Amino acid sequence: MALSRGLRCCQRVFSWIPVLIITAVVLWSYYAYVFELCLFTITNTLEKVAYLLMFHICFVMFFWTYWKSIFTPPATPCKKFQLSYSDKQRYDLEERPDAQKQILVEISKKLPISTRAQSGAIRFCDRCQVLKPDRCHHCSVCETCVLKMDHHCPWVNNCVGFSNYKFFLLFLSYSMLYCVFIAASVFQYFFKFWGDLPNGPAKFHVLFLMFVALMFFISLMFLFGYHCWLVAKNRSTLEAFSAPVFISGADRNGFNVGIRKNLEQVFGENRRLWLIPVFTSQGNGHHFPLKNHSSASQNPLLPNEDMWDESDDGSEEGSLEENLALERNLTK
C-alpha cells in the first residue's frame, strides 16, 4: 500500500516535467528577445518600443491561456449520474451480467443519455460508479471520468475536455502567434549576425531563438490544424479514433450540427469573447445536440429534460416502482 502511494507520488512529480520544460524554454525566450535582442542589439528606439509592446501582448496571452489549460480542473459528471444507494446495492448483489445491464438501462431512462458502449450496453464506469454521460470517458491518469474528454495532454499535465477545451485551442493559437512574431522580428537580425554584427552573447541567443521559434511553430501548426478540423466536425480526439455508438449504430458525425453551431458549442455565441480565455462554452457538458434530432427524440435512452430535472423525491419514488416491477419480472 505504501509502495503504491509512493509510486503515485513519484508519477505526479514527474508529470510536471513537460510543463517545466515548456516554461523554461519560454522564460529563456523572454530573456533572449527582451534583453539580448531589444535592449542590447536594436538601436532604433521606435523599433525597440514597437517590438517590446507587441512581444509582451503575445507573451501575456500565451501565458494566460497556458495557465488556464493547466489549472482548470476537468469537469466530472454530476450526482444525477451516480448510482443511488439502493441502485448500487441491486447492481452489486446481482450476479447475472444481463440483469446488471437491465438495471443500468432502467436507471438511464431518467438521464439524457444517447450513446452506448461498443457492445450496445449502457456505458458505466466501475471505478467512479457513474453512468457515463455522452462523450464522457475515464482518464486513467487523472483517475476520474471527464466530461467531453478529448485527451490527456502531458504538456499541460491535465485532461483536455469540456471545461478547458477552449483554453487549450487558444493556447495553441497564441503559441503559434508567439512563435511567428519572434521569427518574423528576429529574421533580419538572424542574417545580420552572419555579416555586420560582431560576435557576442547576443549572437548565440538570436540564432537559437530563430531555430526554436520555427521548430515549435511547425509542430504547433499541424496540431492546431488537426484540432480545427475536429472542432469543425464536432469531434473529440477520442471520437476521431473510435466513433460514438448510438441506438442506430456507430456514427462519427453524430454530434455534428453544422460548422457555426459546432464553433459556438466550444467558443459560445458572443464572438467578442472567442479570443479571450474565459469560459464561454455552451451547455453543461452532460448532453449535446445530435445531428438527427428526430432519431434523438425516438431514442428510449433520451427522455425530455423535464423528466431529468425532477426533484429527488420523485426520482426515488419512480425508481422504487421500477425496481419492484423489475424484481417481479426476474422472479417469473
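**Salt bridges across the chain**

Lys291 counts as partly exposed, with a relative accessibility of 43%. In this predicted model, Lys291 is one member of a salt bridge, its partner being Asp251, and the closest N and O atoms of the two lie 3.2 Å apart. The pair links distant parts of the chain, for Asp251 sits in the loop between strand E8 (249-250) and helix H9 (259-267), while Lys291 sits in the loop between H9 and helix H10 (293-298), 40 residues apart. Asp251 is likewise partly exposed, with a relative accessible area of 23%.

The structure holds seven salt bridges, and another of them joins the side chains of Arg135 and Glu239, with an N to O distance of 2.8 Å. Here, too, distant parts of the chain are linked: Arg135 belongs to the loop between strand E2 (130-131) and strand E3 (137-139), whereas Glu239 belongs to helix H8 (residues 237-241), and the two are 104 residues apart. Arg135 has a relative accessibility of 3% and therefore counts as buried, and Glu239, at 4% relative accessibility, is also counted as buried.

A further salt bridge is found between Asp92 and Lys88, whose closest N and O atoms are 2.9 Å apart. Because Asp92 and Lys88 are four residues apart in helix H4 (residues 85-93), about one helical turn separates them. Asp92 is partly exposed, its relative accessible area being 46%, and Lys88 counts as partly exposed as well, at 33% relative accessibility.

Methods: Residues numbered from 1 in each chain as written. Predicted model: local features only at pLDDT ≥ 70, side-chain atom pairs only at ≥ 80, totals over all residues. Heavy atoms only, no water. Salt bridge = Lys/Arg side-chain N within 4 Å of Asp/Glu carboxyl O. Buried < 20%, exposed > 50% of the residue type's maximum accessible area, 1.4 Å probe, protein only.
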